[in-house]
Every structure is written in structure tokens, then in C-alpha cells.
Amino acid sequence: MNKLVVSPSPHDENYVKTSVIMLNVIIALVPAFVMSAYYFGWRSIMLTAVCIVSCVAFEFICRKLMKRDQTIGDLSAVVTGLILAMNLPVTLPPWIAIIGSFVAIVITKQLFGGIGQNFANPAITARIVLMVSFPSAMTNWVYPFWYQNPTDAVSGATPLVVNSTEQYSYLDLFIGKCGGCLGETCAAALLAGGIYLMIKKIINPAAPVAFIGTLALLSAVSGGDPLYQILSGGVFLGAFFMATDYATTPISTKGKVVFGIGCGIITFVIRSFGSYPEGVSFSILLMNILTPYIEQLTRNKVFGAKEAVKNEK
Amino acid sequence: MKKLNGLKLKHRKNTQDSATIDFPLPEKVIIPMSMHMGVPCSPLVKLKDTVKVGQKIGDCDAPFSVPVHSGVSGTVTAITDYRNAMGTVCKAVEITTDGKQEVSEEVKPPVITDKESFIKAVRESGACGLGGAGFPTHIKLNPKTPIDTIIINAAECEPYITADYREMMEYPDDIIGGINYIKNILNIPKAILAIEANKPEAIKNFTKMAENDDTIDIFTLPSCYPQGAEKVIIHNSTGRIVMEGQLPSDVGVIVINVSTVAFLYRYVQTGMPLVTRRLTVDGNAVGEPKNIRTVTGTPFVSLLEYCKTNMENVKKIIAGGPMMGMSIPDPNMPVVKTSNALLAIKSYDDRKTSSCIRCGRCVAVCPLGLMPAEIEKAYKIKNIEELKELKVMLCMNCGSCTYVCPANRKLAESNQLAKALIPRK
């Protein structure tokens, strides 16, 4: 007879583990990755591989140096690498991508304690650091299928910096036939991934819906083109994959709505009045910083709890 | 009305069609003096005394306690100290059975004329909540405030357990009879028999039985865990909210387990106290899962062997359901009044806990809207003010948060530990 195990209840468990969640996020990003390879060629595959491998390597080294439990098995570093790659232009030299991985994993994630402890989204922070440090390399856009005709494939403007006369059609934006970062151009692929995550109950629709809705509403009110605004730039990538990051966004649904609305407003303000054409990354980072405060203000009301009686002294 | 949320669990009601089997009389029974919530009893018998079926063998002067009876006839062969699954130590009476099962002369139908005599009789029956918590029934049925509704809890929301379901299928007349009896004697205008949607047969039968009685409502609870929790069942079936610090009776409600009701009905007819109970024996180490009726004091191990369990394979034995039951250290521990299930499990979860990823699943699943991840953080730094603000005292330990946690964190456990930090008034 074995020695019986005694442990507190519950004795049953479900099988959605951290690695399963991360695996689902990776699956959800596959369409965007495939489309990036289709539009931007082998270099996009190479850049994605560099980001994933370097992120996992940095995570491994960090945990080793800090003498902590190894966490590469939870696949979160793979997700970070993949999302980071989706945020880079295809022409970026690999060594810059590796710096990005360093910023994401070492500085943003591990120095704050690893998975779940970081206050800012690693991939977003890396993108912003690279954007500020290597402005020309990070905005060296090319048109889709540039690899078929390398000689004249330079400086494909993103949908947000083209003149109003050269605007892309909605269809082109939806299927991603436009300039931009690897994974952000194809709205259809991102939407498919986002819907997959919602069906799998990995993400809560509150933040992406609030984000995209607010941006559309504001651009409609200000006389812009709401559909063009939400289909272009990093809105779908940001809304579905970065504004839904567990660690850096509020837990309660109410909080997620506030977070999404905030992202929408900041993106709109930067796009309309800022000197950067794109504001999605900044909006998410700024809202990441506000998350603890949103959290405090949007706590769940506990069923049957009496309102706290303030001590009057 | 918004229903409280919950968890979709695999029902695993493997034994729902297994009719109750009477377990052969064990050679020896060990009857603890505390099988209920409240003060333990003191033994009324001495070593070598002969006892008969239904004889009272333990009692206590404290009002929050219920007496203990023997379910067997035989001789007292030991009175020992016994540590129950909760860790409480009390006396236990060991009786070696003589096989005659002679019924004690104490066993006769109680004389009940009014509420007082009924409550007294309920206490003498040794009744406590058969759903698992073991709250003394005579206290529950005697509240200080007026009651307009009695809810019969037939949710049986935990996986595996079908003990209450079998009561409903096998003794529906006792249940309806018991409901009417309690309603009349306590002058309660309305009864709600609340059954979880995963028991359509029972819902159909009782709906038919109560067709012409508009004082009994058959209410279908959504099929999600934990519908049987007191606050949840009250809210979902009446819309009333039991506030912090309140009892169900403060909102005019009594919640009582369905098997307890049927037992009380039989008791007022026969006078046989609570000495047997039905329990579901199941789990992945059990060869032939069954519903078994046996006397209290029967060692768990004999039930497991009866159900073709290879004890070599058993890693964990759970008294109760997989969500709120207690894992026990010793298979020789006895069946008590509150044992609604006995599960023997081959494997157990020994994965390491990893970091909280703040996914919010624990928050989404808590039926009361607590934030277990935040409570855990506050508990670790022993921030008592924060714990109070997070209302940890309301946690009923349903285990849903631990169940869903992808990082395998023992959130329900830290909730209970956190409660202990808060000084009682």
C-alpha cells in the first residue's frame, strides 16, 4: 500500500496550463506569420526565427544567471519573440532584432521577475526602444512582393504616411497588400487569430473591442475614415495580441474596457496630432503604466459584501 | 435576474444509475464522537458495554452539537482518541458487532405535537446536514427570524457524487413527505426543491409529483459548479442576497439537504436515528463504482475493497467530492454522517507551481466575485487591511480558483490561510 497523499482541496484539476495558453497564442499568430512570409519573402521567416531563438536564448541565460527555475518550457519567450518579429520591418538587420529581443526579455521581462511580473509589454517596449534608437532602419518599409523585383523595391510607404490620393483600398488593407511591419499588415490573418483566441477563451474580447471601437468612433467624429484607421498600421496586432497581454493589462473586464478605450484615445491623438504616424505601440505602453491604477479603481464588487465603512477620525 | 457564475466541470456521475446496495455488516465499527459541525460529544458507554442498534452512545450539553448513535449491536471493545480529517481530536467508540442487529428499546417514534417537540426530536435523531458540511439540523430548523421559504438543496454539484440523486430516485415519497412535514410543523408557506439541470429524470419525476401542489416549486439550477453552495443556491433560486455576516434565515430562507429531509421524514415515522448513510464510492482507482448504504463507523478501506479497488494503486483517498472533499491519511478511517462520497484516485497532481501570469481565470470563475490572485499577494505580505478589503472572509473554499489556475497555484488554500490572519471580533 502506498503512502497516501494528503493535500488541500480541490483534488481535481483542469488541463489549461500556462504552456497550453502560450501554445494557443502561437497558433493564433500562425496566419499572420504565413502571410508575412507570403508578402515579404524568406527574409521574414529568417527575421522571425532570429527573434524567437534569441528571445528563448536570453530567457534561458537570464534564468540560469539568476539561479531561478527554468521557464523556457512555458513558451512565453517564444510568444514574445514571435510578437516582436511581427513588429519589425522586413529589411531590419538581424543584429538589431537581437537587440530588440534583449530589451524585451532581459530588460523588460526578466529584470522585473519574469513571466507575469513585468509591468510593460516586452514586445511593445522593444519595438519602441528600437524605433527611437534606429529610426531609419525601423521605418525602412518595402512593398509586398519586393523580393520578386529587388531593384526598385524601396521605401514602400505604410498606409498611414501615404498621401490621400495614393491611399490603399480597403481590400488591400484587409488582406495586407501594403507596406508595414511583418505581421501587422494583414488584418484578416490577425482577425482570424484574434477570433481563435476568443473562441478558445484565451483572451477576453473587452479590450480589443473597446480599443478598435474607440479609435473608429473618434476618427468618425473627427471626420476621418474610421475603417481606414482601424485597418491600417498596428491596430489589429496591438488590439488582439498586445492589449490582451495578461501581465500588463487589468484583470477585471471593467478594467479591460477602460484599458481598451485608453489605447484607442491615445492612438487617435498620436496619429492625428503627433509627429509619429503610428501611435499603437505608445498607446499600449502608456496604458500598461496606468494598469495598476485602473486595477485599483475597477475592482470587482464582491457578492454580498458590505460597503466598507470608512473610519472617521 | 443575473445568476452567479461558476465552473463547467466534467460531471463524472458514473454511478447515477447504480441502485443503492446495502453493505454487509462490518466486523468492527469505529464511531467518532464528532461527525458534525460543532462541539464533540462524550461517550455514554464504557468498555465492554453491550450496545444495540439505535442506542445513543454519545451526547453533549452544548446546544451546537448533536448526539451520536450506534448502528450496530455488539460490544464496546475500545474507546480511543481519534483525529478526523479536519485534524480535530475527539473520542471514538469501537464496537465489535455480534451480527444480531438487535434494535434498542430507545428506538420509538418521537411524540411530536408542536414546533418545540419537533426541534427536540430532530436533535435526538442525531441529524446533521448530509450534504457534507454537517451543520446541526435542529439549529438550522430553529432560526430566530421568521422564514417564508425552505430551499431543499438537491444540486449535488460536485463531480462523481450521486448519493443525493439516488435518494431522489429511490425515495421520492420520503422527500415530498418530509418537505410537507417540515413546512407544516414550522409553518413555512413555501418550499423550493432546487435540482441541478444535469438530473433531468429527477426534475421530471418531482415536477409531476408536485404538479398539484403550489406550495412546492421544483426549480432547475444551471448545470455549473458550485450551485449547491448556500449563498449561490439562495440567490439563484430566490434572487435574495445573503450579505456578509448574515445567515440565510436573515433573508427568510432555510437551506436543507434533500437526503436530510428524507431522513427526517423516516425518523418521525420510525424513531430510528441517523446511523446509516448512502455514499458514492468512485474514482479512477475503483474497479466497480457503486452507491453503498452502510452504518456509520464502517472503515473506508472495507468499502473500497468491496468495490474491487486494488489498494496498491491508490495514491489518494478523498472523503467527499473532488472539489471540496478532504484527502485522508489513513484508509481505515470510518464512514461518518457527512460522508457523501469516497473517492480513490490513482494519480495526483504533483506539478510544480509556476508564476502567476495574471490571466484572471480565478477572478472570472469565482462565484462570489473575489480576486484570489490579489488575495494571494496580500496574504504573502500579510497585509491584513488589504485582505479585509478583498473580502477574503467570504470565500467558501469551493476550489474553483485552484481548479482553473494555469500556473497550478493553490489559491483556495491561500484564501483559507489568509482568513486565519484576520482577527475575529
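Predicted model: local features only at pLDDT ≥ 70, side-chain atom pairs only at ≥ 80, totals over all residues.

**Entry: chain B, counting elements.** I started with chain B, whose secondary structure comes to 13 helices and 17 strands. For my own reference, helices (H or I, at least four residues) and strands (E, at least two) are DSSP runs, numbered from the N terminus. Residues are numbered from 1 along each chain as its sequence is written, and chains are lettered from A and ligands numbered from 1 in the order in which they are written.

**Entry: the parallel sheet.** Next I went through the sheets of chain B. One is an open sheet of four strands in the order β11-β10-β9-β12 (chain B), with parallel pairing. Two strands pair if DSSP finds at least two bridges between them. At the edges I found β11 (216-221) and β12 (253-257) of chain B, each pairing on one side only. Neighbouring strands here are turned by 25° against each other on average, direction ignored. My angles run from 0 to 180 degrees between N-to-C directions, and the axes are lines fitted to C-alpha atoms, for helices over the stretch in contact.

I then zoomed in on strand β9 (residues 149-154) of chain B, which five bridges join to β12(B), running parallel. Which residue stands opposite Ile150(B) in β12(B)? I found Ile254(B) there. Helix α5 (residues 200-209) of chain B packs on this sheet, where α5 touches β10 (190-196) and β11 of chain B. The direction of α5 makes about 165° with that of β11(B). Contact, in these notes, means that the C-beta atoms of two residues, placed from the backbone, lie within 7 Å.

**Entry: antiparallel strands.** I looked at another open sheet of chain B, this one with three strands in the order β3-β5-β6 and antiparallel pairing. Its edge strands are β3 (42-43) and β6 (68-69) of chain B, each pairing on one side only. Two bridges join strand β5 (residues 56-59) of chain B to β6(B), and Gly58(B) stands opposite Val68(B).

Then came strand β7 (residues 74-83) of chain B, which two bridges join to strand β4 (residues 50-51) in the antiparallel sense. In that pairing, Thr50(B) stands opposite Thr75(B). How many bridges pair β7(B) with strand β8 (residues 89-97) of chain B? I got nine, again antiparallel. Thr80(B) stands opposite Ala92(B) in β8(B). The β7(B) and β8(B) hairpin has five residues between the strands, and Gly87(B) takes a positive phi near 95° in that hairpin.

**Entry: domains of chain B.** Chain B is divided into domain 1 (115-270) and domain 2 (361-419), with bounds that come from an automatic or database domain assignment. Their C-alpha centres lie 29 Å apart. Five residues of domain 1 of chain B are in contact with five residues of domain 2 of chain B.

**Entry: chain A.** Over to chain A, which has 13 helices and zero strands. Its radius of gyration is 21 Å, close to the 20 Å that the globule rule gives for 313 residues, so chain A is as compact as a globular protein of that length. The C-alpha atoms of chain A fill a box of roughly 75 × 50 × 35 Å, taken along the principal axes.

I picked one helix pair: α2 (residues 42-65) and α3 (residues 76-86) of chain A pack at an angle of about 145°, with axes 8 Å apart. Their contact involves residues including Leu47(A) and Cys51(A) of α2(A), and Val78(A) and Leu82(A) of α3(A).

Definitions and conventions:
Rg over C-alpha atoms; globule rule 2.2 N^0.38 Å.
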